[in-house]
Amino acid sequence: MEQGYIRITENDQHEFTVEAKLINGTLWLSQWQMATLFNVYTKTIESSLKAIFKAGLLKEYEVSRIHTFVNNGRESEQILYNLDALIFIGFRIASFETKAFREWVLKAFSEYTKKDNNKPQNVLIVLNSHL
């Protein structure tokens with residue numbers, strides 16, 4: 001299963017670059033991957049997701065799936081969350097990385113909606129930002 005990816009990097013001038021590869025319009029990340037991306041604790045991601053689901057902003061069964069994989073010869077499972085969940089988390093948490101992510105989201109959607117209606121299924125969007 002191809003999950004896509006998203007990276008937020010900072011250069012020496014404190015400029016952030018957000019790069020994402022979406023597969024079929026989304027990507028899939030674990031709570032640990034989200035925490036690493038946004039430079040926060042995993043517990044922050046976990047509690048934010050619980051609050052989002054409790055408030056009914058998203059339905060967990062619509063934005064998550066169980067990914068089964070083999071680790072050291074043993075079958076393991078982890079819950080992955082899609083881009084919708086990542087966007088909600090990104091607008092809920094405060095960090096330099098989430099600020100860069102929010103700018104990327106707004107720019108990406110703005111640019112994406114301006115393009116031709118025959119949109120590709122795989123999208124690569126890069127944004128350089130100075131915070």
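User: Let's start with Ser95. Buried or exposed?
Analyst: Ser95 is buried, with a relative accessible area of 17%. Buried means under 20% relative accessible area, exposed means over 50%, and partly exposed is in between (1.4 Å probe, protein chains only).

User: Where does Ser95 lie?
Analyst: Ser95 is in the loop between α4 and α5. Helices (H or I, at least four residues) and strands (E, at least two) are DSSP runs, numbered from the N terminus.

User: And which residues does Ser95 touch?
Analyst: Ser95 touches Phe38 and Val40, leaving out residues up to four places away in sequence. Contact means heavy atoms within 4.5 Å.

User: Before we go on, what am I looking at?
Analyst: This is a predicted model: local features need pLDDT of at least 70, side-chain atom pairs count only at pLDDT 80 or more, and totals for chains, interfaces and linings use all residues. Residues are numbered from 1 along each chain as its sequence is written, and side-chain values use heavy atoms, with hydrogens and water left out.

User: Back to Phe38. Which aromatic cluster is it in?
Analyst: Phe38 forms one aromatic cluster with Phe101 and Trp104. Rings of Phe, Tyr and Trp (its six-membered ring) pair if their centres lie within 6.5 Å; planes under 30 degrees apart count as stacked, over 60 as edge-to-face and the rest as tilted.

User: How many aromatic pairs are there?
Analyst: The count is three aromatic pairs. One of them is Phe53 with Tyr81, which is stacked: 6.5 Å centre to centre, with 25 degrees between the planes. Phe53 is in helix α2 (residues 42-54) and Tyr81 is in strand β4 (residues 74-81), so this pair ties together parts that are 28 residues apart in sequence.

User: Are those two buried or exposed?
Analyst: Phe53 is buried, at 17% relative accessible area. Tyr81 is buried too, at 4%.

User: What about Leu80? Where does it lie?
Analyst: Leu80 is in strand β4. Its relative accessibility is 0%, so Leu80 counts as buried. Leu80 and Leu29 are 51 residues apart in sequence and 5.0 Å apart in space, C-alpha to C-alpha.

User: Now the core. Which residues have the most contacts inside the largest one?
Analyst: Ile6, Leu86 and Phe101 do, in a nonpolar core of 30 residues. The elements giving two or more residues to this core are β1, β2, α1 (31-38), α2, α4 and α5. A nonpolar core is a set of buried Ala, Val, Leu, Ile, Met, Phe, Trp, Tyr and Cys residues joined through side-chain atoms within 4.5 Å.

User: What does Ile6 touch?
Analyst: Not counting residues up to four places away in sequence, the contacts of Ile6 include Val18, Leu29, Leu86, Phe101 and Trp104.

User: Switching to charges. Why would charged side chains pair up?
Analyst: Side chains of opposite charge can pair when their charged atoms come close.

User: How many salt bridges does the structure hold?
Analyst: The structure holds five salt bridges. Each is a side-chain nitrogen of Lys or Arg within 4 Å of a carboxyl oxygen of Asp or Glu. In one of them, Glu2 pairs with Lys21, and the closest N and O atoms are 3.2 Å apart. Glu2 is in the segment before β1 (5-10) and Lys21 is in strand β2 (residues 15-23), so the pair ties together parts that are 19 residues apart in sequence.

User: Buried or exposed, those two?
Analyst: Glu2 is exposed, at 51% relative accessibility. Lys21 is partly exposed, at 28%.

User: What does Arg7 do?
Analyst: Arg7 meets Glu19 in a salt bridge (3.6 Å, N to O). That pair links distant parts of the chain, with Arg7 in strand β1 and Glu19 in strand β2, twelve residues apart. The charged end of Arg7 also sits over the ring of Tyr5, 4.0 Å from its centre. That label needs NZ of Lys or CZ of Arg within 6 Å of the ring centre and within 35 degrees of the ring normal.

User: Which residues form a salt-bridge network?
Analyst: Lys43, Glu46 and Lys50 are linked in a network of salt bridges.
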